[in-house]
Amino acid sequence: MPPGVYDYVLDRLLYMLSYYEYDNQYGWGYLFYCSEIDNLETFDILYGDVWLEVLVDDYVVNFDGTTCAFCITDSGDDYFAILGDALMRNFYNIHDADNF
């Protein structure tokens, strides 16, 4: 992910929420009320030459019906962020270790 894109996406998502707080205890990043899920939008990412639609259900984890968090993690590297299983569960994946 090019420098600044993770911050841009996160800033856009946080802007859609009326309240959020940063979780320093468990490492989930920003927590927010699940009642605000309907305020969030899908977004697209370019992977190679294919655009992938990332649905709200793909990037939000609902802990208890009240508290939610984003499943997008800053890797600490300017060039990528981690979407992981939350994104991959909706796409067919082929892992070719021989041509990695």
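Leaving aside neighbours within four places in sequence, D23 is in contact with W28, G29 and L31. Contact here means heavy atoms within 4.5 Å. This is a predicted model, in which local features need pLDDT of at least 70, side-chain atom pairs count only at pLDDT 80 or more, and totals for chains, interfaces and linings use all residues. Residues are numbered from 1 along each chain as its sequence is written, and side-chain values use heavy atoms, with hydrogens and water left out.

Stay with D23. It lies in strand β1, residues 20–23. Strands are DSSP runs of E with at least two residues, helices are runs of H or I with at least four, and both are numbered from the N terminus. D23 has a relative accessible area of 8%, so it is buried. The cut-offs are under 20% for buried, over 50% for exposed and in between for partly exposed, with a 1.4 Å probe and protein chains only.

Together with F63 they make a nonpolar patch of about 360 Å². Nonpolar side chains (Val, Leu, Ile, Met, Phe, Trp, Tyr) are joined within 5 Å, like charges within 9 Å. F63 is found in the loop between β5 (60–62) and β6 (67–70). Its relative accessible area is 37%, so F63 is partly exposed.

Now turn to the aromatic rings. Rings of Phe, Tyr and Trp (its six-membered ring) pair if their centres lie within 6.5 Å; planes under 30 degrees apart are stacked, over 60 edge-to-face and the rest tilted. The count comes to 7 aromatic pairs. In one of them, Y20 and Y30 have ring centres 5.5 Å apart and planes at 85 degrees, so the pair is edge-to-face. This pair links distant parts of the chain, with Y20 in strand β1 and Y30 in strand β2 (residues 29–33), 10 residues apart. Y20 is partly exposed at 36%, and Y30 is partly exposed at 24%. Elsewhere, F32, F43, Y59 and F70 form one aromatic cluster.

Finally, step back to the whole chain. It has 3 helices and 8 strands. From the N terminus they run α-β-β-β-β-α-β-β-β-β-α. Of the 100 residues, 32% are buried.

Terms used: Patches are made of residues with over 30% relative accessible area and no salt bridge: like charges are joined within 9 Å, nonpolar side chains (Val, Leu, Ile, Met, Phe, Trp, Tyr) within 5 Å. Accessible areas come from the Shrake-Rupley method with a 1.4 Å probe; for residues, only the protein chains shown count as cover. A salt bridge is a side-chain nitrogen of Lys or Arg within 4 Å of a carboxyl oxygen of Asp or Glu.
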